[in-house]
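Here are my notes after going through the coordinates. Have them open as you read.

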Amino acid sequence: MNIGELAERTGVSIRSLRYYEQKGLLTPLRKENGYREYTPFAVEQVQAIQLYLNLGLSTDEISGI
């Protein structure tokens, strides 16, 4: 799935998903054209990231988990 589909399925903005990638919390595959390609497991990863953020952890703390 592309980044727009992941954003739609998780309710998380595309900007946030790119930030999670920058922080190393998400690692999408890259197509030949450079577009991000996410696996279905990415939905669960984003949901876990959101859970930890709601519990008050920072993205740096989450990356250590």
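1. Let's start with helix α2, residues 14–22, where Leu17, Tyr20 and Glu21 are buried. These three span an arc of only 100° around the axis, so they sit on the same side of α2. Keep in mind that this is a predicted model.

2. As for what covers the buried residues of α2, the list includes α1 (3–10), β1 (29–30), β2 (36–37) and α3 (41–54).

3. Just past the end of α2, have a look at the backbone: Gly24 has a positive phi of about 85°.

4. Now the charges. The structure has four salt bridges. One of them pairs Glu21 with Arg30, with 3.1 Å between the closest N and O atoms. Glu21 is among the buried residues of α2, while Arg30 is partly exposed at 46% relative accessibility.

5. Lys23 and Asp60 also form a salt bridge, 3.0 Å from N to O. Lys23 belongs to the loop between α2 and β1 and Asp60 to helix α4 (residues 59–63), so this pair ties together parts 37 residues apart in sequence. Lys23 is partly exposed, at 30% relative accessible area, and Asp60 is exposed, at 51%.

6. Then there is Lys31 with Glu37, whose closest N and O atoms are 3.3 Å apart. Both partners count as partly exposed: Lys31 at 43% relative accessibility and Glu37 at 25%. Elsewhere, salt bridges with shared partners link Glu21, Arg30 and Arg36 into one network.

Methods:
Residues numbered from 1 in each chain as written. Predicted model: local features only at pLDDT ≥ 70, side-chain atom pairs only at ≥ 80, totals over all residues. Heavy atoms only, no water. Buried < 20%, exposed > 50% of the residue type's maximum accessible area, 1.4 Å probe, protein only. Helix = DSSP H or I, 4+ residues; strand = E, 2+ residues; numbered from the N terminus. Arc of directions from axis to C-beta. Contact = heavy atoms within 4.5 Å. Salt bridge = Lys/Arg side-chain N within 4 Å of Asp/Glu carboxyl O.
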